[in-house]
Amino acid sequence: MNRLVEIRSQESLCRERAALDFERRVFWLAQAQEWEQRALDEIASHFRECNVAHAELARN
């Protein structure tokens with residue numbers, strides 16, 4: 001989950017830059033969206049791993 005914190009931090013940084021850099025606002029918001037998607041992917045991966053581990057425990 002530390003990776004998720006790092007990803008969310010990058011997303012937040014991009015959103016802050018978007019608020020401060022009007023000329024490149026669209027760029028920074030697009031970057032933030034990419035980081036947001038990475039965060040969602042990381043969360044999904046975490047739950048897949050948990051589900052696999054749970055299924056293996058249930059079999060034993």
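Reader: What does helix α1 span, and how does that compare with what is expected?

Author: In this predicted model, α1 covers residues 2-20, which is 19 residues. From its first C-alpha to its last it reaches 27 Å, close to the 27 Å expected at 1.5 Å a residue.

Reader: Which residues of α1 are buried?

Author: Leu4, Ile7, Glu11, Cys14 and Ala18 are buried in α1. Seen down the helix axis, the buried residues of α1 fall within an arc of 90°, so they line one face of the helix.

Reader: And what covers the buried residues of α1?

Author: The cover includes α2 (25-59). On the face of α1 turned away from the buried side are the exposed residues Asn2, Val5, Glu6, Ala19 and Leu20.

Reader: Turning to the aromatics, how many aromatic pairs are found in the whole structure?

Author: The search finds 1 aromatic pair. The ring centres of Phe27 and Trp28 are 4.9 Å apart and their planes stand at 75°, so this pair is edge-to-face.

Reader: Trp28: buried or exposed?

Author: Trp28 counts as buried because its relative accessibility is 12%, under the 20% cut-off. Phe27, at 35% relative accessibility, counts as partly exposed.

Reader: What lies over the face of Phe27?

Author: Arg24 does, at 4.5 Å from the ring centre.

Reader: And which charged end sits over the ring of Trp35?

Author: That of Arg38, 4.2 Å from the centre of the Trp35 ring.

How values were computed
Residues numbered from 1 in each chain as written. Predicted model: local features only at pLDDT ≥ 70, side-chain atom pairs only at ≥ 80, totals over all residues. Heavy atoms only, no water. Phe/Tyr/Trp six-rings, centres within 6.5 Å; stacked < 30°, edge-to-face > 60°. Buried < 20%, exposed > 50% of the residue type's maximum accessible area, 1.4 Å probe, protein only. Lys NZ or Arg CZ within 6 Å of the ring centre and 35° of its normal. Helix = DSSP H or I, 4+ residues; strand = E, 2+ residues; numbered from the N terminus. Expected span 1.5 Å × (residues − 1). Arc of directions from axis to C-beta. Contact = heavy atoms within 4.5 Å.
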